[in-house]
Amino acid sequence: MGDFLSQKAALDAARIHFPDFLASRKKALTLEAWLEGRQYDHSEELDADDRAYGRAYSPDRNTTAEYENLRSLSPSNFAGLVVKSVTQMCHIEGITRPGTEDSLPIWDTLRRNRWPSKQNAIHWEAVGIGLAYGVVFPGVDPITSEPMARMAGKSATEMLAFYDDPDDEWSRFAIEATKTTIVDERTKFKFSGWNVTLWDAKVMHHIEVTGDGHSEADWKYLSYTEHGLPVPPVVQLGNRVSLSGKASGEIEPILPILRRIDQDLFDRLMMQRFGAWQVRYIAGLAKPDTPEAQAAQSIKLRQEDLLVSTSPDTKFGTLPAASTQDQVNVTDADLRMLSAIAQVPPHHLLGQSSNLQAEALAAATEGLQRKAFEFRLNASEFHEQMARLAAMVEGDMDIARAWDLRVRWRDESSGSMSQAADALGKLAQQLGVPLEMLWERIPGWTDDDVNRAKELVESGAFEKLIQQIVSEQSNPQPDATQQPADQQGDGQPVDEAQQ
């Protein structure tokens, strides 16, 4: 648990740990560029080596605009695809406790903060970069002006939490920083700097930094704001966190393969541009002496032209075009290696899934399912901590002290609906599991769908609907468009003698 810091202690703590924040930010910016497919973009915050990190190699000598154009076409966003494959299987739909079926009232607070949509960005950064953060602080509803807990997600590019021990639930303090422009009040000169907020127990310290804060004189304490919580209201979400506290995302371990795939594509583009054409040559043809003679003997090849030479030493021929198929096979081999290491199904990377049956598809995605389950273990604790903090802000101490909160995750399994219906039916009939408990297991059903089904059952509307359907099937009504049998087409009764 963090301690409340005095102004001087907060200023010293921010100044001492700011280099750690800058180093973490630089790494996060590099990985964020890979996540968004911008690994070639130049950033002023990264030095020359960092800017070139991941760029496909081409010779520095004699590099032309054509070379640079081909190199700009080679980056592929497989990093984003790897991360997306995990995050699209991780969506929370409610928060419950043992013994309760419906979501707790604190879930309404999360929905008021648009947490169902914010979770996507938080999961994206946590899986890709390795770290993401959430903060909770007192606020008001912008429409009703009622007091409520405000919740926000923070990127690892703008925040870093510091712990006394990696096993601690709450950080000692956290540093949040954003770039700004500082104007000298006396000279009116403008300097680049930072707006720094140090979050500790009870207080948010606001600090101004000139430059990168190398000198103690660059730091200026501005003000503080009380958040009123007994712990720093910052919750960290890590993709994989070691016992030493080091977090690792999905992108950093596979960077060598991602760089190799970009290099494969660049090499194929080079071969496609400069080597995929037949080269015609003529050897042993004497060059005319005058420009006029050269112009007269210039040959313009057409499809039907016949090349003839009077010299017996003249030879005509072609150099074969280079095949790009071998280069394509190399790229496919690297993609399969990426599939194995990143636990992403090969058909996600190669685009070959049109003929997969449900059973084969489930087997192909088994590794991805396990990977998503591993992330959901960490993400569950993160969302539960955020819910407890929000409950504390709103005065619900029962939920704030609840260690048994459970996050309900949407079922994103790739099995078919018929398989799910068959399995759920067997659970209900053979094991006697109540139907209401199985509704949440129906693929694609949300909490709203479950609640709607419960309302229909409790009100009897569902049974009335079934009875109405059965009644209509047992006593079918005559078709209004069909005429009675005892009438002719003109509506007159039919004479029995005429029948």
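The following legends describe close-up views of a predicted model.

**Figure 1. The three-stranded sheet S3-S2-S9.** Three strands make up this open sheet, arranged in the order S3-S2-S9 with antiparallel pairing. S3 and S9 are the edge strands; each has a single partner, so one side of each has no neighbour in the sheet. On average, neighbouring strands are turned by 25° against each other, direction ignored. Nine bridges connect S2 and S3 in the antiparallel sense, and Val-135 faces Ala-152 of S3. On the other pairing, S2 and S9 run antiparallel and are joined by five bridges. There, Ala-132 has Leu-237 of S9 as its bridge partner. Although S9 stands at an edge of the sheet, four of the five residues of this strand (residues 234–238) are buried, so S9 is largely enclosed by the rest of the structure.

Figure 2. The side chain of Asp-141 makes a polar contact of 2.8 Å with the side chain of Arg-112. When neighbours within four places in sequence are left aside, the contacts of Asp-141 are Arg-112, Glu-146 and Met-148.

**Figure 3. The five-stranded sheet S4-S5-S6-S7-S8.** This open sheet consists of five strands in the order S4-S5-S6-S7-S8, with antiparallel pairing. Strand S4 (159–162) and strand S8 (219–226) lie at its edges, each pairing on one side only. From one strand to the next, the twist averages 25°. Strand S7 (residues 203–210) runs antiparallel to S8 and is joined to it by seven bridges. In this pairing, His-205 stands opposite Tyr-224 of S8.

**Figure 4. Nonpolar cores and the contacts of Leu-258.** The largest nonpolar core comprises 89 residues, of which Ile-251, Leu-258 and Leu-338 touch the most other members. Another core, of five residues, lies apart from the largest one; among its members are Leu-70, Leu-265, Phe-266 and Leu-269. Beyond its neighbours within four places in sequence, Leu-258 is in contact with Trp-34, Phe-78, Ala-79, Ile-251 and Leu-338. Two of these partners, Ile-251 and Leu-338, are named with Leu-258 among the core residues that touch the most other members. In soluble globular proteins, nonpolar side chains tend to be buried together.

**Figure 5. The salt bridge between Glu-252 and Lys-27.** The structure holds 17 salt bridges, and one of them joins Glu-252 to Lys-27, with the closest N and O atoms 3.1 Å apart. This pair links distant parts of the chain, the two residues being 225 residues apart. Glu-252 lies in the loop between strand S11 (247–248) and helix H7 (255–274), whereas Lys-27 lies in helix H1 (residues 7–35). Glu-252 is partly exposed, at 34% relative accessibility. Lys-27 is likewise partly exposed, with a relative accessible area of 32%.

**Figure 6. The salt bridge between Asp-404 and Arg-97.** The side chains of Asp-404 and Arg-97 form a salt bridge with an N to O distance of 3.1 Å. Asp-404 is located in the loop between helix H13 (397–400) and strand S14 (406–409), and Arg-97 in the loop between strand S1 (92–96) and helix H5 (106–112), so the pair ties together parts 307 residues apart in sequence. The relative accessible area of Asp-404 is 32%, and this residue is partly exposed.

Figure 7. Glu-366 and Arg-370 are joined by a salt bridge in which the closest N and O atoms are 3.2 Å apart. The two residues are four residues apart in helix H12 (residues 366–393) and are therefore separated by about one helical turn. Both are partly exposed: Glu-366 has a relative accessible area of 45%, and Arg-370 has a relative accessibility of 49%. A network of salt bridges links Lys-8, Asp-12 and Arg-15. Side chains of opposite charge can pair when their charged atoms come close.

Technical notes. Residues numbered from 1 in each chain as written. Predicted model: local features only at pLDDT ≥ 70, side-chain atom pairs only at ≥ 80, totals over all residues. Heavy atoms only, no water. Polar contact = N/O pair within 3.5 Å; in protein donor to acceptor, adjacent residues only side chain to side chain. Contact = heavy atoms within 4.5 Å. Pairing = 2+ DSSP bridges. Axes fitted to C-alpha atoms, helices over the stretch in contact; angles between N-to-C directions. Core = buried A, V, L, I, M, F, W, Y, C linked by side-chain atoms within 4.5 Å. Buried < 20%, exposed > 50% of the residue type's maximum accessible area, 1.4 Å probe, protein only. Salt bridge = Lys/Arg side-chain N within 4 Å of Asp/Glu carboxyl O.
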